Amino acid sequence: MSPPAAREALPFREFILKIHSRCNLACDYCYVYEMGDQSWRDRPVTMPPEVVDAAARRIGDHVRAHALPSVDVVLHGGEPLLAAPPLIERVVRSVRAEGVSASFFVQTNGTRLTGARLAQLDRLGVRIGVSMDGDADAQDRHRRLPDGRGSHASVSAALHPLSTGPYRHLFSGILCTIDLRNDPVATYEALLRHRPPRVDFLLPHGNWSAPPPGRAEGSPATPYADWLIEIFDRWYGAAEPPADVRTFSDLLTLLLGGVVGSEGLGLAPVRYAVIETDGAIEHSDLLKPMTAASAGTGLNVLRDSLDAARALPAAVERQLGAAALCERCRACRFVAVCGAGLQVHRYRHGTGFDNPTVYCPDMIRLIEHVRGRVAEDVAAAARPSERGGAA
């Protein structure tokens, strides 16, 4: 890849605040604790008040400087709901005190969704996303407590007031990490029992130097596409899909010429910043499977503006679309749809991110399948009806 042309990055419109750097689960695939970056060990457990206030000021300054009509603020971790209620209150109220129009979300493992916590989030207007991997077998294989006990029972119980109770309006969806050992349709149906408005299936955080399970370099096999296609056919064939599946709806939008805000599909600019508990500004926490340096900027909200992070070459590159991709990707007929996938999945020791996604065969197979189903429907709609004939 040739060096990107000089340009200015668009302002950030989403801010991920790591308000608690520890977790009460010990998920064996966690990109924060189980992979290359161990910087969490040296950071405060919770975000101190002075960092909360500085982050809020920096967000307010950024919004005003660029006349942004609204932004998203995501409370993250670790497990963000390990943070004491007053800290969450301070984060939300500090950002709003800056005069910022912000939508707030929390991404949680669900184990701390007590009635009192739900009432607080409702009062503050914070929507809730939950991480869950399917039925009890699927969930408890990876998402376990430190003593080895599974988390499925407690998360299922916590989801009840979100799925059917008084807090349904706060439910933003479920994130599910794909495990090829799990039956795809059974996994999908297990998640649907909680009535999520959206399901987002996540590919495991592998790369060329540390391939994900089931992917071998040079293999034409497409295990992840095959897994997702089984769910797609069930979802697409339903009279009324019971939940939005983000990957599928984004693929349909892109294949029909639209634009999506997903980092993992399409070529839209990536416009978010991560703020750690110590105030460090990062490009993306998804880069942590490599090393701390992959995500870091050397900047901190206690002394630096968010525009300083926006001006860095790595931030600019994440907004260049196809121009930032390797030659093979730029020449691919599906580049506008695939977008080379998540940046972290392109990594290889020695060449960095100048590669296709490690899931390249899967992406091509999945896109071809979805495109084929859409083409069949378009062709069927264009044919004269058997009863009426041509107009």
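Analyst: We will go through the strands, then the aromatic rings, then the cysteines. This is a predicted model, in which local features need pLDDT of at least 70, side-chain atom pairs count only at pLDDT 80 or more, and totals for chains, interfaces and linings use all residues. Residues are numbered from 1 along each chain as its sequence is written, and side-chain values use heavy atoms, with hydrogens and water left out.

User: In what order do the strands of the sheet lie?

Analyst: Strands of a sheet pair through backbone hydrogen bonds, either parallel or antiparallel. Helices (H or I, at least four residues) and strands (E, at least two) are DSSP runs, numbered from the N terminus. Two strands pair if DSSP finds at least two bridges between them. Here 10 strands make an open sheet with mixed pairing, in the order β7-β6-β5-β4-β3-β2-β1-β8-β9-β10. The edges are β7 (244-245) and β10 (296-300); each has a single partner strand, so one side of each has no neighbour in the sheet.

User: How many bridges join β6 to β7?

Analyst: Two bridges join β6 (residues 198-202) to β7, and the strands run parallel. Arg 198 stands opposite Asp 244 in β7. On to β5: it pairs with β6 in the parallel sense over four bridges, and Leu 175 has Asp 200 in β6 as its bridge partner. β4 and β5 also pair in the parallel sense, over four bridges, with Gly 173 in β5 as the bridge partner of Gly 129.

User: Why is β5 described as largely enclosed?

Analyst: Buried means under 20% relative accessible area, exposed over 50%, and partly exposed in between (1.4 Å probe, protein chains only). Five of the seven residues of β5 (residues 171-177) are buried, so the strand is largely enclosed by the rest of the structure.

User: Which way do the residues of β8 point?

Analyst: In β8 (residues 272-275), Tyr 272 and Val 274 point one way, Ala 273 and Ile 275 point the other way, and all are buried. β8 runs parallel to β1, joined by four bridges, and Leu 17 stands opposite Ile 275. β8 runs antiparallel to β9 (residues 280-282), joined by two bridges; there the bridge partner of Ile 275 is Ile 281. The hairpin of β8 and β9 has four residues between the strands, and in it Gly 279 takes a positive phi near 95°.

User: Which side chain lies over the face of Tyr 272?

Analyst: A charge sits over a ring if NZ of Lys or CZ of Arg is within 6 Å of the ring centre and within 35 degrees of the ring normal. Arg 318 lies over the face of Tyr 272, at 5.3 Å from the ring centre.

User: How many aromatic pairs does the structure hold?

Analyst: A pair of aromatic rings is described by the distance of the centres and the angle of the planes. Rings of Phe, Tyr and Trp (its six-membered ring) pair if their centres lie within 6.5 Å; planes under 30 degrees apart count as stacked, over 60 as edge-to-face and the rest as tilted. The structure holds seven aromatic pairs. One of them, Tyr 224 with Tyr 359, is edge-to-face, at 5.1 Å centre to centre and 85° between the planes. Tyr 224 is in helix α7 (residues 223-236) and Tyr 359 in the loop between α13 (335-338) and α14 (360-382), so the pair links parts of the chain 135 residues apart. Both Tyr 224 and Tyr 359 are buried.

User: Why does the pair of Phe 232 and Phe 248 count as edge-to-face?

Analyst: The ring centres of Phe 232 and Phe 248 are 5.2 Å apart and the planes stand at 80°, so the pair is edge-to-face. Phe 232 lies in α7 and Phe 248 in helix α8 (residues 246-255), so the pair ties together parts 16 residues apart in sequence. Phe 232 is buried at 0% relative accessibility, and Phe 248 is also buried at 0%. Phe 232, Trp 235, Tyr 236 and Phe 248 form one aromatic cluster.

User: How many disulfides are there?

Analyst: A disulfide is a covalent bond between the sulfur atoms of two cysteines. The rule used here asks for a pair of cysteine sulfur atoms within 2.5 Å. By this rule the count is zero. Cys 329 is in no disulfide, and the nearest cysteine sulfur, in Cys 326, is 3.6 Å away. Cys 329 is buried, at 9% relative accessibility. The sulfur of Cys 332 is 6.3 Å from the closest cysteine sulfur, in Cys 360, which is too far for a bond. Cys 332 is partly exposed, at 24% relative accessibility.
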